[in-house]
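Dear colleague,

I am handing over the structure we spoke of, and below it you will find what came out of a first pass through it. Please read the notes with the structure open beside you.

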Amino acid sequence: MTRAAAVLLGAVGVAWAAVPLPGTGAAGFALFIAICAVAAGALRLALAGVPLPENSFLLPAPLRAWIRFLEILRLLPWEEAAVLAIVWLEVQHPARPWHTAVLGAVLVAYLLAVHLAESGAPPRALRPQARVLAAGAVLLALGAAAGMLPATGPGPASALLRLVAAVALIAAAGLVLPSML
Amino acid sequence: MSSPSIPNDRAFPGPGSELEVRWRTSRHARRLLTLALAGVFVATLARRPEFAGLAAPALLLLAAGQGQRRLARLRVKVRASAGRAFEGEVVAVDVAADVGSRADDFAVRWTLHPGREIDPVGATDADGRTTRFTVTPQHWGRRELGTVDVMLRDRWRLTEGHATVSLPRVDCYPAPAQQRELVVLRRLPNRLGEHPARTAGEGIEFAGVREYVPGDRQRSINWPASTRRGRLQVNTFAAERSQDVVLIADATSDVGEPGSSALDLALRGVAAAARAYTDARDRVGVVTYQWGTASWLPPGLGRRQVYRIIDSMLASDAGWARGASVYRLPRAALPPGALVVVFSPLLNQRLVETLRELRERGFAMLVVDVLNAEPPNRPRVADRMARRIWRMEQDAIRFSLRELGISVVHWDGVQSLDLPLAGHTRRPLAAPGTRR
């Protein structure tokens with residue numbers, strides 16, 4: 001169940017960040033990487049229960065290739081690659097704060113679903129994090145709102161000012177909230 | 001195969017073992033960190049505040065988990081349902097982690113790594129502070145059950161503590177073959193037992209009718225025979241005796257398919273014979289032969305003797321046996337007049353010579369041939385010739401033993417031992433020099 005949810009959220013994240021697809025080559029490449037990484041991550045979760053033999057000596061070549069494939073599949077950080085590619089894909093678009101905020105929520109849900117799927121833990125294992133996640137959603141909305149505020153004036157300084165304000169707000173919340181929870 | 005039976009007491013006895021916990025960042029934390037850094041990086045470079053918001057939930061989760069106190073040491077208790085088991089029998093292993101008063105702060109996950117020749121019966125992963133794994137040893141010997149990895153996860157699931165605990169060792173006994181019928185000596189020692197002897201006695205097996213003499217018990221009068229003959233006749237019964245049985249397991253050669261090799265069959269056959277003869281109140285001993293030396297256990301009675309016999313054979317398996325020469329075994333190991341049953345592939349010439357010598361010393365002997373392998377069949381003429389010569393040599397060995405009066409029967413390890421022994425269980429086995 002959680003595996004299916006992880007795959008679905010990964011696919012939704014890729015689609016959400018890709019549509020509409022910018023015409024640049026970098027966007028196409030990022031989309032390709034994102035699709036590959038999400039697919040490989042899904043494959044890793046699907047094959048997580050396949051055991052590896054203790055001794056790999058004197059095995060036939062196809063079996064050795066299969067073992068090598070499984071090792072690579074389990075070794076590489078596919079989800080991190082997927083997250084980076086999706087964020088890169090989102091950057092290719094012009095600013096769309098609420099769209100980005102939804103993408104952030106999808107990505108966090110994707111990472112949580114992947115963790116539940118690979119650890120075999122039930123969703124109720126995330127219950128202690130519920131309040132922090134709710135606070136994170138508020139900060140996500142605040143970030144989006146900060147992105148929608150009009151610039152005080154033309155030029156890079158005003159954009160930088162908005163960014164600093166948003167980061168300061170988030171950092172302050174991040175420092176204060178854990179002690180309150 | 002029997003199901004494990006473990007008393008369901010709440011606490012494990014004993015202090016358990018204290019393990020050092022190695023903590024490291026979880027993959028989940030690394031993924032959250034990647035998302036957070038990517039968001040902050042893009043927000044800074046592209047000057048787009050919404051990406052700072054994208055990084056916020058991940059940053060918040062990471063920050064929230066920083067205040068967690070980690071457990072430096074963990075006490076783990078392990079208990080196996082049995083210290084010894086037969087091949088294919090299920091052994092349950094209970095493990096419990098003692099995290100003290102901080103039970104709610106950590107989730108515990110167990111992963112079983114079975115040892116060699118140990119197969120897990122159920123799942124190899126489990127959650128919870130206590131859990132039970134079931135395993136089954138596949139092959140006889142002294143087996144390590146394996147190890148269990150313990151993983152502690154904090155409530156934010158950002159760090160993982162790892163520790164490994166070793167599971168206890170189990171003595172895996174060879175699964176005994178099936179044997180119900182017994183080979184019995186023609187002349188039994190004068191000791192009370194369950195085998196009907198040829199002499200009259202106080203047993204329950206009818207032997208004949210004779211004329212009444214004063215002193216006979218009235219209840220033994222055979223009234224129909226007395227009426228026919230006109231004089232009082234009494235029933236006579238066979239005396240019941242026990243015998244000494246010495247089982248010789250040949251551990252010099254281990255040829256054949258793993259799991260049904262000559263050594264496997266020898267041990268299973270000895271276990272079956274030991275069980276069958278001790279059930280019949282016979283005294284059973286064992287001699288484990290290894291390259292001219294022998295470890296031995298004197299004949300004894302009872303079911304415990306079966307376990308002693310198997311333990312003795314497993315101890316011999318652990319290395320070179322520090323035993324006496326088989327030519328100089330003491331009287332206690334080979335009592336005079338004992339029935340000697342040998343389980344051997346007859347590949348060792350010294351053992352064959354030993355068997356001949358034992359026969360000449362007057363022992364009634366029976367050899368169960370457990371050789372079920374041959375040299376590989378190769379197309380070269382020289383190989384075919386060598387294979388043929390080898391077969392002829394084997395036939396010659398068996399023929400020479402039969403010529404000495406030693407019965408040789410072949411057992412394939414699949415069928416019951418009663419089948420190859422059928423020709424000898426129907427009538428008593430004679431020792432050399434006794435008339436049939």
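A residue is called buried here when its relative accessible area is under 20%, exposed when it is over 50%, and partly exposed in between. Please keep in mind throughout that this is a predicted model.

With that cut-off, B:Asp94 is buried, because its relative accessible area is 7%. Its side chain meets that of B:Arg132 in a salt bridge, with 2.8 Å from N to O. Since B:Arg132 belongs to strand β9 (residues 130-137) of chain B and B:Asp94 to strand β5 (residues 91-98) of chain B, the pair ties together parts that are 38 residues apart in sequence. B:Arg132 itself, at a relative accessible area of 36%, is partly exposed.

B:Arg75, at 28% relative accessibility, is partly exposed, and B:Glu18, at 40%, is partly exposed. Over all chains, the search finds 28 salt bridges.

Turning to the interface, 55 residues of chain A are in contact with 32 residues of chain B, and the two chains bury about 3,700 Å² between them, 71% of it on carbon and sulfur atoms. Three salt bridges are found across this interface. B:Arg31 forms a salt bridge with A:Glu80, with the closest N and O atoms 3.9 Å apart. On the side of chain A that touches chain B, the elements giving two or more residues are α4 (78-91), α5 (97-119), α6 (130-148) and α7 (156-180) of chain A, and by class that side has 35 nonpolar, eleven polar and nine charged residues. B:Arg31 and A:Glu80 also belong to a network of salt bridges that includes A:Arg44, A:Glu79 and A:Glu118.

Lastly, B:Ala29 lies in helix α1 (residues 27-46) of chain B and counts as buried at 5% relative accessibility.

Technical notes: Residues numbered from 1 in each chain as written. Chains lettered and ligands numbered in written order. Predicted model: local features only at pLDDT ≥ 70, side-chain atom pairs only at ≥ 80, totals over all residues. Heavy atoms only, no water. Contact = heavy atoms within 4.5 Å. Buried area = accessible area lost by both parts, 1.4 Å probe. Salt bridge = Lys/Arg side-chain N within 4 Å of Asp/Glu carboxyl O. Helix = DSSP H or I, 4+ residues; strand = E, 2+ residues; numbered from the N terminus. Nonpolar A, V, L, I, M, F, W, Y, C, P; charged D, E, K, R; others polar. Buried < 20%, exposed > 50% of the residue type's maximum accessible area, 1.4 Å probe, protein only.
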